[in-house]
Amino acid sequence: PISGMDLILTEVKGQVALMTLNRPKELNALNRQLLEDLSETLSRLKEDSKLRVLIITGAGDRAFVAGADIGEMADMDRNQAEMFARFGNRVMNQIHYFPLPVIAAVNGFALGGGFELALACDLRLASDKASFAFPETGLGITPGFGGTQRLARQTGPMTAFDLIMTGRRIKAQEAKDLGLVLDVIPADLLLDRAWDLASSIAQKAPVAIREAKRAIRDGLDLTLTEGLTLEEVAFGCCFETQDQKK
């Protein structure tokens, strides 16, 4: 069944939800309304106890998300721009801290805010038509929805300096070579592969998956010693579950 607001389509199959950002004529650009609807949908899905995995993709065959909506940002002053970045970051953090694994099925352009949305997901699959870039510095701005922070943490600072300072666009294969993408798939098979990956995760013990995600994600901000303590607690949590006792 497909449901949801016009700008966000939600389809649930078994224990997996597919969320499609639906502004294909605008290449799924992130305006405030789309971000608000995305936030509401994430909050709603978070409360669904049946779900095990979330997939995010873009409508149409051209773009995953082609960035934040340039027209909406054109006349902002410094304070308005900072508030917009704070709002965008809050929504990206809803993805980053979503309790279930989140898979980005990057079906086309992932530019600026679209690249940032993909980086907020845990696993990324790219179609062979996908491309990634941070064009912001060519527009006189910096990434504002987490790009400087997440890219540097995932690839190391030198790649972040390169991609953000030059604004160059990379194709799916280079993104894979940089460790940004798990796999590159023919465009017509992308969603099948995403459903397959999601299903294989959904079959695993749900508490173990949630705790593993939390330990990996939060451990990146800790020292090794602190991260190991986090892992010990996660490991212990699993011993209160039916899955471990079977």
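Cysteine 238 counts as buried at 17% relative accessibility, where buried means under 20% relative accessible area, exposed over 50% and partly exposed in between, with a 1.4 Å probe and protein chains only. Its sulfur lies 6.7 Å from the closest cysteine sulfur, in cysteine 237, which is too far for a bond. A disulfide is taken as a pair of cysteine sulfur atoms within 2.5 Å, and by this rule the count comes to 0 disulfides. Cysteine 121 is buried as well, with a relative accessible area of 3%.

The model is predicted: local features need pLDDT of at least 70, side-chain atom pairs count only at pLDDT 80 or more, and totals for chains, interfaces and linings use all residues. Residues are numbered from 1 along each chain as its sequence is written, and side-chain values use heavy atoms, without hydrogens and water.

Leucine 151 sits in helix α5, residues 147-155 (helices are DSSP runs of H or I with at least four residues, strands runs of E with at least two, numbered from the N terminus). Leucine 151 has a relative accessible area of 0% and is therefore buried. Beyond its neighbours within four places in sequence, leucine 151 has contacts (heavy atoms within 4.5 Å) that include Phe115, Leu119, Phe134 and Leu180. Its C-alpha atom is 8.3 Å from that of glutamate 116, 35 residues apart along the chain.

Leu151 is also among the residues with the most contacts inside the largest nonpolar core, which has 48 residues. Such a core is a set of buried Ala, Val, Leu, Ile, Met, Phe, Trp, Tyr and Cys residues joined through side-chain atoms within 4.5 Å. A second, separate core has 15 residues, including Val53 and Leu190.
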